[in-house]
Amino acid sequence: MTARCYLQLDVFADRPGAGNPLGVVFDASDLEADAMQAYAAWANLSETIFFLPPTAAEADYRVRIFTPRQELSFAGHPSVGAAWAALDSGLAQAKEGLLVQECAAGLLPVRIEQRNAMRLVHVRAPQAREVLTGGAHTDGLASALQGLPLGELAPVLWNNGPSWWLVELADAAAVRAMQPNLSAIAALTMASNAVGLAVFGRTDDSDHDLAARAYCPADGIPEDPVTGSANASIAALLHHAGALPGADRPGPYRRYIASQGREIGRNGRVEVQVDHENEVWIGGQVQAVIRGSVDW
Amino acid sequence: MTSRRYVQLDVFADRPGAGNPLAVVLDAEGLDDATMQAIARWTRLPETTFVFPATKSEASYGIRIFSPRREVPFAGHPSVGTAHAVLEAGLATPRDGLLVQDGIAGLLPLHVIGSGATRTIAVRTPRAKVMEIASPQDARLHDVLDALPLGNLPPALMDGGRRWWLAELRDEAALRAATPPWEAIGKLAQETESMGMCVFARSDNPVYFLAVRAWVGAPAQFEDAASGAANATLAAWLASQNALPGSDGRYRISQGREVGYDAIIELQVDGEGEVWSGGRICNVVTGRIDW
């Protein structure tokens, strides 16, 4: 049993408790994969990451990402947290605002942006594509969305690693007021091999441009507090439809803020950017909530 | 934002990962109810406890216990783990081998036995009584017990705050191999306003005398990894039948292997018939929390 440095972060959060928690175990090179999995199951966080020395020369650090049930090749909020932890611990230094993360999915660029005292971490999301369903899930979709005021875009299934049903509602208020039919959503997502269903709606609120919520009832998560991959897929869909919010905003990239989690006691903020190559970047702030050591 | 001492423990465990996890926030003065609930939701552990200075002369410390959804007046494994954290932090010292926690359920004593890595802590559990002794042919039990080879004692319904059905199985091998009949367990729990069925069998293992499995039937159906409460009612049941294993009313049980854990719980029925439930505790995360 070895004592290792440990961090528990809150990702996509501008204060402790607003975002999605992440466990971070440093110096894990002598931990076997089954010990990592056992710890991640015991800790019961949506993800726990383990730092390892990189194997690729271009990489600044390497992580393995575990849910309580399985290892993931890539995930958004753990990668945002990993880059933050690598900088905070001095394990890596950004070069011209860039870091390269090595994970099971390969090498991944990370952009670090310092806005006054605030450090924002952005990770590039895998490219999202529409999954053609040929109308096979019309009935399942209808029962999952029954009674909801839909927006302009038609509901679609997109994949950027996981597959998400993406549903625009009339506006942000409709998103906030939604009473999800979890059993119908579970049936739809299971029938279509999707991880969940995400809804979004526009707002004129000065604080954010979009409200989003994500449901994964078939995976044992009725509602996820703040979801990187779903927000990345929503951005890809909006970009594809020429409907990105904040299009008139100055700056090198199109960017907007999505608000997620208020309905379940959180207040996550995801900063979404679309660059000149049409790549979607997901970013946010990170809070260090727990600092200490772990014996395992 | 204030920095407070924080530990994450494994309770009823001889090694990290074997038992039931618990988060403990020490130095909790200044946290209001809503903040404690928010922290307990964020840690995602079965329970998070908060330690306050004692306000009564008989108490060693104050405790509040929260699950991710609500405050819990009393629970066994959080009480045992919190006492360990308090001792490790030097916040209290036992008097005559006892600590007294002051919580929503009132003052409650904890035995501290030994020291160092083999120290065990046990909490006195609410008095349990036999509600009903049933026949294995009882219609309500039939679908649960039908496929299981039963042991000597008849099935019984116990009430120790929560109600549990108890049934002895023939031997440890049969117990470990059993597949819980979830539908029937759910029906039994609802019909009898109980947690569900706790099965046990005697063992000739050198470490423990009984193997136990606790099947929760309602509202959700799952197998509990380490249940202090079910084991306390089991001890009271065995004492009432003059069937306690071990010596001097002390014995250990093994629970949780079938669901990926390996908990050891120590039970004691004392001279006054009080049941104490406890075990060892492992430190897993030690640090500070900023909230």
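Predicted model: local features only at pLDDT ≥ 70, side-chain atom pairs only at ≥ 80, totals over all residues.
One of the residues involved is A:Val294, whose bridge partner in β18(B) is B:Val285. Between the two chains, 18 residues of chain A are in contact with 19 residues of chain B. On the chain B side, at least two residues each come from α1 (33–43) and β18 (281–290). The largest contribution to the side of chain B that touches chain A is that of β18(B), with 8 residues. By class, this side consists of 11 nonpolar, 4 polar and 4 charged residues.

The largest nonpolar core contains 187 residues, of which A:Ala83, A:Ala198, A:Ala212 and B:Cys198 touch the most other members. Helix α6 (residues 228–240) of chain B gives the most to this core, namely 8 residues. Leaving aside residues up to four places away in sequence, A:Ala198 touches A:Trp164, A:Trp165, A:Leu166, A:Ala212, A:Arg213, A:Ala214, A:Thr227, A:Ala230 and A:Ile234.

In helix α5 (residues 182–191) of chain A, the buried residues are A:Ile185, A:Leu188 and A:Thr189. These residues lie on the same side of α5(A), because the arc they cover around the axis is only 95°. The elements covering the buried residues of α5(A) include the helix α3 (138–144) and the strands β11 (163–168), β12 (196–202) and β13 (210–216), which belong to chain A. After α5(A) comes A:Asn193, which has a positive phi, near 60°.

Key:
Residues numbered from 1 in each chain as written. Chains lettered and ligands numbered in written order. Buried ≥ 20, exposed ≤ 12 C-beta atoms within 10 Å, placed from the backbone. Helix = DSSP H or I, 4+ residues; strand = E, 2+ residues; numbered from the N terminus. Arc of directions from axis to C-beta. Contact = placed C-beta atoms within 7 Å. Core = buried A, V, L, I, M, F, W, Y, C linked by C-beta atoms within 7 Å. Nonpolar A, V, L, I, M, F, W, Y, C, P; charged D, E, K, R; others polar. Pairing = 2+ DSSP bridges.
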